[in-house]
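Look over the sequence and the model first, then read on.

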Amino acid sequence: MYRILRFFLFFLSAEKAHYVAMDLLAVALKIPGFAFILKRSFKAENPHSVQFLGIKFPNRIGLAAGFDKNAKWLHLLKTLGFGHVEVGTVTPLPQDGNPKPRLFRLKKDKALINRMGFNNEGLDAMVKRLRHRPDGLIVGGNIGKNKITPNEHALEDYVKCYLAIVPHVDYIAVNVSSPNTPGLRDLQEKEFLTELFVSLHTLRENSKYKKPILLKIAPDLSVEALDEIIETIKKVEIDGVIATNTTISRENLKTDKAILNTIGNGGLSGKPLLEKSNEILEYLRHNLGKNYPIIGVGGVMDTRDMYTKINKGANLVQVYTGFIYSGPWMAKRWAAV
Ligand SMILES: Cc1cc2nc3c(=O)[nH]c(=O)nc-3n(C[C@H](O)[C@H](O)[C@H](O)COP(=O)(O)O)c2cc1C
C-alpha cells in the first residue's frame, strides 16, 4: 500500500511530501474505525525492549533527529511503533533555515541530500508541545545553535536549549555535526567540546534533572579528529555518542554527476552512508569499550542493516532516510530486532 502512496508522494517536492504524508496519516488516525484498523496494523509483535542509559526503551529502533524538528508528531510516531524519537534540532530562536529547494531525493541511490539549515519553530514552541508528549515513548531533545549566533557565543545557545528542554525529555543530544550551519562542525574540536560538556554537567549537578547528555558526531572526521573526540569523551565523561550525522561526501553514487552538481551542497543520508557511519561506529566501540553507550545511525534501510549496526556495536539504532523509502510500517517490522 505504501508503494502506491509513495509513487504519488514522490511526485511532490521531497519537503512537501514529508508534511503531506504525516498530515494524511494524522487525519487517517482520527477517523474512528479506520483508526482502529490502522493502529492494529502498526502494532509490533514481540518488540525487543532494552535498558540503555538507565532508561527502558520499548525497542531498539528510533527516529533520528530532523524528522520531527518541532515535536509535532510524537503521538503519531509512537503509534507507528518507534521506541524513541529524537526531536529537533531545536535552536533558541525560531529560524527559517536555508532557501528552498533544500531537500532532494537520489532514488537510484536510496539516498537524500538536505541542506535544511535547522529550520525550526524555536525553543518556546517545542517546550509547549513537549508538555503534552505521549507516555511510553522515549523522547530525546537534540539541541543546536542559531545561524546568527557566532561560534564564540555558541555555548550560550546550547545552554539555553539545554535548560529549557531538559525537564521535558529523557535524554539530550548535542548536535555539533550538521553540515548545513556554517562553522558548526568546527565545534567538534576538543576545547569547545570540553567547555560545553563541563558547563552542561555542572548545570546538571546543580539541578534535579539528571538526564543523560549525548554527543552527535559527523561521519567525515579524520582519524586524528576522531581520536581527539574519543579522548574528550573519556576525559569529560560524556554519557554517550550518536554516530553519525549526514556526510558531505559524494563518493560511490549512482546518480549522475550533472544532477549532483545541480543539487549542490548538503548532507547525504541513506544507503551510501551505511559503510562510512559503520566504520566510525566500529572505531568508537573498539576505543570506548564494550559498555560505552552508542546509538548507531546512518544508512539503515532494512532489518539486515539494523542487525549489522548492532553487531558492530550500536546499543540502539536510529533511522531517517530508511523511513522515507520504507514507509510507515517500517518501525513495526524493525521493533523485534
Ligand atoms: C532532511 C533531514 C534533516 C535532518 N535534520 C537533522 C537535524 O536537524 N539534526 C540532526 O542532528 N540531524 C539531522 N539529520 C540527520 C539525521 O538525524 C541522521 O543522522 C542522518 O540522516 C543519517 O541517518 P539516515 O541515513 O538514516 O538518514 C537530518 C537528516 C535529514 C535527511
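Leaving aside neighbours within four places in sequence, which residues is Tyr158 in contact with? They are Ile143, Gly144, Lys145, Val174, Asn175, Val176, Leu184, Leu187, Phe192, Leu196 and Leu200. Contact here means heavy atoms within 4.5 Å.

This is a predicted model, in which local features need pLDDT of at least 70 and side-chain atom pairs count only at pLDDT 80 or more, while totals for chains, interfaces and linings use all residues. Residues are numbered from 1 along each chain as its sequence is written, and side-chain values use heavy atoms, with hydrogens and water left out.

**Nonpolar cores**

- The largest nonpolar core has 85 residues. Tyr158 is among those with the most contacts inside it, as are Leu77, Phe82, Ile165, Val174, Ile217 and Leu284.
- Helix α6 (residues 154-165) gives the most to this core, with seven residues.
- Another core, of 13 residues, lies apart from the largest one. Its members include Val50, Tyr171, Leu214 and Leu316.
- A nonpolar core is a set of buried Ala, Val, Leu, Ile, Met, Phe, Trp, Tyr and Cys residues joined through side-chain atoms within 4.5 Å. Buried means under 20% relative accessible area, exposed over 50%, and partly exposed in between (1.4 Å probe, protein chains only).
- Helices (H or I, at least four residues) and strands (E, at least two) are DSSP runs, numbered from the N terminus.

- Strand β7 covers residues 138-143. Six of its six residues are buried, so the strand is largely enclosed by the rest of the structure.
- In a regular strand the side chains alternate between the two faces of the sheet.
- Both faces of β7 are covered. Ile138, Gly140 and Asn142 are buried on one side, and Val139, Gly141 and Ile143 are buried on the other.
- β7 pairs with β4 in the parallel sense over six bridges. Strands pair if DSSP finds at least two bridges between them.
- Asn142 in β7 is the bridge partner of Gly88.
- β7 also runs parallel to strand β8 (residues 171-175), joined by four bridges. There, Gly140 stands opposite Tyr171 in β8.

**The largest pocket**

- The largest pocket holds about 670 Å³ of space. Of its 46 lining residues, Ala65, Gly66, Phe67, Lys69 and Tyr320 are the closest to its centre.
- A pocket is found on a 1 Å grid over the protein atoms alone, as an open set of points where a 1.4 Å probe fits, with protein on both sides within 12 Å along at least five of seven lines; lining residues have an atom within 4 Å of a point. Grid points are joined across faces, edges and corners, and the volume is the space filled by probe spheres set on the points.
- At least two lining residues come from each of α2 (14-28), β4 (84-90), β6 (111-114), β11 (267-270), β13 (316-319) and α12 (321-326). The largest share, three residues, comes from α2.
- The lining divides into 16 nonpolar, 24 polar and six charged residues. Ala, Val, Leu, Ile, Met, Phe, Trp, Tyr, Cys and Pro count as nonpolar, Asp, Glu, Lys and Arg as charged, and the others, Gly among them, as polar.

**Backbone exceptions**

- Most residues other than glycine have a negative phi, and most peptide bonds are trans.
- The peptide bond from Gly88 to Thr89 is cis, with omega near 10 degrees. Thr89 lies in strand β4.
- Ala243 and Thr244 are also joined by a cis peptide bond, with omega about 15 degrees. Thr244 lies in the loop between β10 and α9.
- Asn252 lies in the loop between β10 and α9. Its phi is positive, about 55 degrees, although it is not a glycine. Asn252 counts as exposed, at 73% relative accessibility.
- Lys110 sits in the loop between β5 (103-106) and β6. Its phi is positive too, near 50 degrees. At 41% relative accessibility, Lys110 counts as partly exposed.

**Two buried residues**

- Thr246 lies in the loop between β10 (240-243) and α9 (257-263). It counts as buried because its relative accessibility is 11%.
- Beyond its neighbours within four places in sequence, Thr246 has contacts that include Asn114, Pro179, Asp220 and Ser269.
- Leu281 belongs to helix α10 (residues 274-288). At 0% relative accessibility, Leu281 counts as buried.
- Leu281 and Gly313 are 32 residues apart in sequence but 6.7 Å apart in space, C-alpha to C-alpha.
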